[in-house]
Amino acid sequence: MRPTLEQINEALVTALSPSHLEVIDQSAQHHGHAGMQPGQYHLVVSVTADCLTGLPLVQAHRLIYAALTQWMNTHIHALKIDILP
C-alpha cells in the first residue's frame, strides 16, 4: 500500500529526531518520467538532526534511506536529500 506523506514524515521523525524536517512531494512535476510507476513519489527531504551532524554525507544518506527502506524499492522513485546545518 502506498504510504502517505504523513507516514513518511513519521518514519523520518522516529529515526532521526530532527530539529527541522520538510518532506516535499514533487511527483506531479515528474509525471511520465522514465521508469516512474503510477503511485510512486519523487520527494525532496530537507533535514537538520543532531544524529547527522559530522557524519560523512554517504553515511547520513544511508540513515535516511534506512528510515524509508520499506518504501524505497516500491513507492519512492526518487529522493533528493538536503542536510541542513
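Helices (H or I, at least four residues) and strands (E, at least two) are DSSP runs, numbered from the N terminus. I use these labels throughout.

**Entry 1: ground rules.** I am reading a predicted model, in which local features need pLDDT of at least 70, side-chain atom pairs count only at pLDDT 80 or more, and totals for chains, interfaces and linings use all residues. Residues are numbered from 1 along each chain as its sequence is written, and side-chain values use heavy atoms, with hydrogens and water left out.

**Entry 2: isoleucine 8.** I looked up isoleucine 8 and found it in helix α1. Its relative accessible area is 0%, so isoleucine 8 is buried. For this term I take under 20% relative accessible area as buried, over 50% as exposed and anything in between as partly exposed (1.4 Å probe, protein chains only). I then listed what isoleucine 8 touches, not counting residues up to four places away in sequence: Pro3, Val23, Tyr41, Leu43, Leu68 and Trp71. Contact here means heavy atoms within 4.5 Å.

**Entry 3: α1 against α2.** Helix α1 covers residues 5-16 and helix α2 residues 57-67; I read a packing angle of about 130° and axes 9 Å apart. The axes are lines fitted to C-alpha atoms, for helices over the stretch in contact, and the angles run from 0 to 180 degrees between N-to-C directions. α1 and α2 are therefore oblique to each other. The classes are roughly parallel under 35 degrees, roughly antiparallel over 145, roughly perpendicular from 65 to 115, and oblique for the rest.
On the α1 side I list Ala11, Leu12, Ala15 and Leu16 as making the contact, and on the α2 side Leu63, Ile64 and Ala67. By class, this contact of α1 with α2 has seven nonpolar, no polar and no charged residues. I count Ala, Val, Leu, Ile, Met, Phe, Trp, Tyr, Cys and Pro as nonpolar, Asp, Glu, Lys and Arg as charged, and the others, Gly among them, as polar.

**Entry 4: the two sides of α2.** Which residues of α2 are buried? I find Ala60, Ile64 and Ala67. They cover an arc of only 60° around the axis, which puts them on the same side of α2. The arc is that of the directions from the helix axis to the C-beta atoms. On the other side of α2, I find Val58 and Arg62 exposed. The cover over the buried residues of α2 includes α1, β2 (41-48), α3 (69-72) and β3 (76-83).

**Entry 5: leucine 79.** I placed leucine 79 in strand β3. With a relative accessible area of 14%, leucine 79 is buried. Leaving aside neighbours within four places in sequence, leucine 79 is in contact with Leu43, Val45, Ile64, Tyr65, Leu68 and Met72. Leucine 79 and aspartate 25 are 9.7 Å apart in space, C-alpha to C-alpha, and 54 residues apart in sequence.

**Entry 6: two loop residues.** Serine 17 sits in the loop between α1 and β1 (20-25). I noted a positive phi of about 45° for serine 17, although it is not a glycine. At 57% relative accessibility, serine 17 counts as exposed.
I found threonine 53 in the loop between β2 and α2. Threonine 53 counts as exposed, at 62% relative accessibility. I read 9.1 Å between the C-alpha atoms of threonine 53 and isoleucine 83, which are 30 residues apart along the chain.
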